[in-house]
Amino acid sequence: MSANNEEMVVTPWEVSGKIDYDKLIKEFGTQPLTPEILELIQRLAGDLHLQLRRRIFFSHRDLDWILRRFEAGEKFVLYTGRGPSGPVHIGHLAPWMFTKYLQDKFDSKLYFQITDDERFLYHDDFAFADTQKWAYENALDLIALGFDPKKTRMIMDTRNIGALYNLALSIAKHVTFSTAKAVFGFQESTNIGLIFYPAVQAAPAFLESSLVGHNVPCLIPAAIDQDPYWRVTRDVAPKLGYYKPAQIHCRFVPGLGRGGKMSASMPETAIFTVDQPELAEKKILSAFTGGRATVEEQRRLGANPDVCSVFAYDYFLFMDDREIENLRLDCLAGNILCGECKQVLAERVKKFLVEHQEKREKAKDHFEEYLCSAKDY
Ligand code: TYM
C-alpha cells in the first residue's frame, strides 16, 4: 500500500502522493458539489460556510437528496468521528468545524464515533491504554469546538459498543470477505479484528433510525479518505431497510512541508492542538513556501501562492475572503515577502491555540455530558 511521491494513494489508513481531487471523484464514484447544491444550502442555511465557498468541501453523495428531504420537513442526523492514535492536528479540526456549522444551521443531532478499537487493532505497538488515553484527549478537542451537548453524542467504541453491536453484526452478515478485501486491501496477514471493524464504523450511520424505529436520513461530513467505509455502508443499507447515508467530502489540509496532507506521522509539519504556541510558531517559520531564491527576485517576479503551505493554511482556516484575495494578489505581485507572511500566520495560529487550549481545559468538566451512556440506547 505504499507509494512514491507522485503516485496518489488515498485510503482510510494512508494518504500520499499528489492528490488529484477530480480523479478521486471519478475513481470513488462520488459527485462534485454543484452551484445548484450550494444555492440550496445557502437558501436553507442562510449562509455558505467558508469551506463550501472555497470548495474545500468539494464532493458528495446524495447531499441534494438529504437537503430536499430537509426542505420537506424531514430532519437529518450528522455522523463523523476520529481514530484516536495521537494528538489532534488542526487539519482534523477543519471537517469538525464544518460539522458544527451544519449542526447549528440544520439543528441536527450529531453522532461522533471515537474508534479506539480501530486504532488498537491497526497499530501493532499500541496497548489499550494508549488508544483510550488518546480517545479522551481527542474528545476534549471536539468538545472545545462548542458542539451543543444536548444534540451531540460521542460514541467511544470500547465503552459504548452496546449501542452498536447488534447493528454491526447485521451489517457484517452482508459483507463478504472478498468485498472487504477489494475495498480495504486486506491481506492474509491482516488481523481478523480489522476485518470486522468496517461494520463497526458503518453502524452509527443507522443508529438513529434503529433507535427511533423509523428511517432518519444521515449525513457524514469527513475528508475523502473515509469514503471506502461509506461505499460498503451504502451497499448494505437497503438490505437492512435503512436509507443510504449521504456524504460530503473535504480536501486535506496540507502539512507545512512541500506537498502532502497534514499528518501526525510528520510532527514537524503538523500543528497539533496541544502544541505550545511557540513551538507552532517555530514550525511555521520553517514552513515550505512558494517564495523565490532572493528578496530581489521575489520583489521583481512575485511568488507562487498555489504551492505555498503558509498560503494554504490561511486559505483553509485563517483568512476571510477579502484578506485571502488581497494576500494572493500581493504575493503574486511581489509586494509581500515570505517572512512577513509566515509571521502573520504564526500570530493567528498562536492566538487560536491559546484560545482552543483554554476551551480544552474547560472541556474536561463536560466530557461525561457528551459521552453516550446506557440511557441513549
Ligand atoms: P481520523 O482520525 O483519521 O481522521 C479524523 C477526521 O479528520 C479527517 N482528516 C482530515 N481532514 C482534513 N485535513 C486533513 N489533513 C485530515 N486528516 C484527516 C478524516 O477524514 C476524518 O474525518 N476511521 C476514522 C474515524 C471515524 C470516522 C467516522 C471519521 C469513525 N467514524 C465517521 C469520519 C466519519 C479515522 O480514523 O479518522
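The legends below describe close-up views of a predicted model.

**View 1. The shell of residues around the ligand.**
The ligand is surrounded by 25 residues, and the closest are Arg 82, Gly 83, Arg 119, Asp 225 and Val 253. By residue type, the shell around the ligand consists of nine nonpolar, ten polar and six charged residues. Four elements, β5 (77-82), α5 (90-106), α6 (116-122) and β8 (218-223), each contribute at least two residues to this shell. Strand β5 gives the largest share, with four residues.

An N or O atom in the side chain of Asp 225 is 2.6 Å from an oxygen atom of the ligand. In the side chain of Glu 118, an N or O atom is 2.9 Å from a nitrogen atom of the ligand. Gly 91 takes part through its backbone, where an N or O atom lies 3.4 Å from a nitrogen atom of the ligand. The protein buries 98% of the 690 Å² that the ligand exposes when taken alone.

**View 2. The salt bridge between Lys 109 and Glu 208.**
The model has a count of 27 salt bridges. One of them is formed by Lys 109 and Glu 208, whose closest N and O atoms are 3.1 Å apart. This pair links distant parts of the chain, 99 residues apart, with Lys 109 in the loop between α5 and β6 (110-114) and Glu 208 in helix α11 (residues 204-212). Lys 109 counts as partly exposed because its relative accessibility is 28%. The relative accessibility of Glu 208 is 12%, under the 20% limit, so Glu 208 counts as buried.

**View 3. The salt bridge between Asp 141 and Arg 360.**
Asp 141 and Arg 360 form a salt bridge in which the closest N and O atoms are 3.1 Å apart. Because Asp 141 lies in helix α7 (residues 128-144) and Arg 360 in helix α17 (residues 338-363), the pair ties together parts that are 219 residues apart in sequence. Both Asp 141 and Arg 360 are buried.

**View 4. The salt bridge between Arg 348 and Glu 323.**
A salt bridge joins the side chains of Arg 348 and Glu 323, at 2.5 Å from N to O. Arg 348 belongs to helix α17 and Glu 323 to helix α16 (residues 321-333), so the pair ties together parts that are 25 residues apart in sequence. With a relative accessibility of 25%, Arg 348 counts as partly exposed. Glu 323 is also partly exposed, its relative accessible area being 31%.

**View 5. Asp 107 and a network of salt bridges.**
Salt bridges link Lys 75, Asp 107, Asp 148 and Lys 151 in a network. Asp 107 is located in the loop between α5 and β6. The phi of Asp 107 is positive, near 50°, in a residue other than glycine. Most residues other than glycine have a negative phi. Asp 107 has a relative accessible area of 38% and is therefore partly exposed.

**View 6. The backbone at Asp 62.**
Although Asp 62 is not a glycine, it has a positive phi of about 60°. Asp 62 is part of the loop between β4 (57-61) and α4 (63-71). Its relative accessible area is 26%, so Asp 62 is partly exposed.

**View 7. A nonpolar surface patch.**
Ile 161, Tyr 165 and Leu 169 make a nonpolar surface patch of about 250 Å². Leu 169 is in helix α8 (residues 157-172). The relative accessible area of Leu 169 is 40%, so this residue is partly exposed.

**View 8. Tyr 101 and Leu 48.**
Tyr 101 is placed in helix α5. At a relative accessibility of 7%, which is under 20%, Tyr 101 counts as buried. Between Tyr 101 and Leu 48 the distance from C-alpha to C-alpha is 9.5 Å, and the two residues are 53 residues apart in sequence.

Conventions
Residues numbered from 1 in each chain as written. Predicted model: local features only at pLDDT ≥ 70, side-chain atom pairs only at ≥ 80, totals over all residues. Heavy atoms only, no water. Near = heavy atom within 4 Å. Polar contact = N/O pair within 3.5 Å; in protein donor to acceptor, adjacent residues only side chain to side chain. Areas by Shrake-Rupley, 256 points an atom, 1.4 Å probe, with all protein chains shown as cover. Nonpolar A, V, L, I, M, F, W, Y, C, P; charged D, E, K, R; others polar. Salt bridge = Lys/Arg side-chain N within 4 Å of Asp/Glu carboxyl O. Buried < 20%, exposed > 50% of the residue type's maximum accessible area, 1.4 Å probe, protein only. Patch = residues over 30% accessible without salt bridge, like charges linked within 9 Å, V, L, I, M, F, W, Y side chains within 5 Å.
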